[in-house]
Amino acid sequence: MTQWGSCSLGERGYSPIEILRHFYGSSIYINTAEQIAGIPASWPGENLTIGSSGQKVRQLQQQLDAIATIYSAIPRVAPDGFYGPNTAAAVREFQSVFGLPQTGVADFATWYKISHIYVGVTRIAELV
């Protein structure tokens, strides 16, 4: 599909599905879902470190634990919602494995790298 070809069709009043069918044939369809699950949430807006607690810490722990099942150098961590020494050690090792500063603090860069790797290891971005 070319950008200019699709733009021209759009200017002629074609809907998005009609444009796709023009290029790929009439047998394609758009699949919809009522709810999308498993999408990682946004950074909490502040660094997570020893003493932090709550749902964002639990999410971080769940994602780290899933990653640790594939990257065995990263210690497994129980998702209890409390950022203690075990979570900090897992974050520090994650940072080491993925080339981030090894602080043990889940800052902006670490949060999004964890989310990125989590999506890859759990394959939530793939259609099944």
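This is a predicted model: local features need pLDDT of at least 70, side-chain atom pairs count only at pLDDT 80 or more; totals for chains, interfaces and linings use all residues.
Trainee: How many helices and how many strands make up the secondary structure?

Mentor: The secondary structure comes to 5 helices and 0 strands, and along the sequence this reads as the pattern α-α-α-α-α. Among contacts between residues at least 6 apart in sequence, 45% join residues at least 24 apart.

Trainee: Which residues have the most contacts inside the largest nonpolar core?

Mentor: The general idea is that, in soluble globular proteins, nonpolar side chains tend to be buried together. Here the largest nonpolar core has 21 residues, and those with the most contacts inside it are Leu48, Leu60, Leu64, Ile67, Ile74, Tyr83 and Phe94. The elements that give two or more residues to this core are H3 (55–68), H4 (85–97) and H5 (108–122), and the largest share, 6 residues, comes from H3. Across the protein, 30% of the 128 residues count as buried, and the accessible surface comes to about 8,300 Å², of which 54% belongs to carbon and sulfur atoms.

Trainee: Which residues of H5 are buried, and what covers them?

Mentor: H5 has 15 residues and reaches 21 Å from its first C-alpha to its last, which is close to the 21 Å expected at 1.5 Å a residue. Its buried residues are Thr110, Trp111, Ile114, Ser115, Ile117 and Tyr118, and what covers the buried residues of H5 includes H3 and H4. After H5 comes Arg123, whose phi is positive, near 60°.

Trainee: How many aromatic pairs does a search of the whole structure find?

Mentor: The search finds 4 aromatic pairs, and each is read from the distance between ring centres and the angle between ring planes. In one of them, the rings of Trp43 and Phe108 have centres 5.3 Å apart and planes at 85°, so the pair is edge-to-face. The pair links distant parts of the chain, 65 residues apart, with Trp43 in the loop between H2 (16–24) and H3, and Phe108 in H5. Trp43 is partly exposed, with a relative accessible area of 22%, and Phe108 is also partly exposed, at 49%. Ring pairs link Trp43, Phe108 and Tyr112 into a cluster.

Trainee: Where does Tyr71 lie, and which residues does Tyr71 touch beyond those up to four places away in sequence?

Mentor: Tyr71 lies in the loop between H3 and H4, and beyond those sequence neighbours Tyr71 touches Val97, Phe98, Ile117 and Val121. The C-alpha atoms of Tyr71 and Val121 are separated by 9.5 Å, although the two residues are 50 apart along the chain. With Phe98, Tyr71 forms an edge-to-face aromatic pair, 5.0 Å centre to centre with 70° between the planes. Phe98 lies in the loop between H4 and H5, 27 residues from Tyr71, so this pair too links distant parts of the chain.

Trainee: Are Tyr71 and Phe98 buried or partly exposed?

Mentor: The cut-off to apply is that buried means under 20% relative accessible area. Phe98 is therefore buried, with a relative accessible area of 18%, whereas Tyr71, at 31% relative accessibility, counts as partly exposed.

Conventions: Residues are numbered from 1 along each chain as its sequence is written. Side-chain values use heavy atoms; hydrogens and water are left out. A nonpolar core is a set of buried Ala, Val, Leu, Ile, Met, Phe, Trp, Tyr and Cys residues joined through side-chain atoms within 4.5 Å. Buried means under 20% relative accessible area, exposed over 50%, partly exposed in between (1.4 Å probe, protein chains only). Helices (H or I, at least four residues) and strands (E, at least two) are DSSP runs, numbered from the N terminus. Contact means heavy atoms within 4.5 Å. Accessible areas come from the Shrake-Rupley method with a 1.4 Å probe; for residues, only the protein chains shown count as cover. The expected span of a helix is 1.5 Å times one less than its number of residues. Rings of Phe, Tyr and Trp (its six-membered ring) pair if their centres lie within 6.5 Å; planes under 30 degrees apart count as stacked, over 60 as edge-to-face and the rest as tilted.
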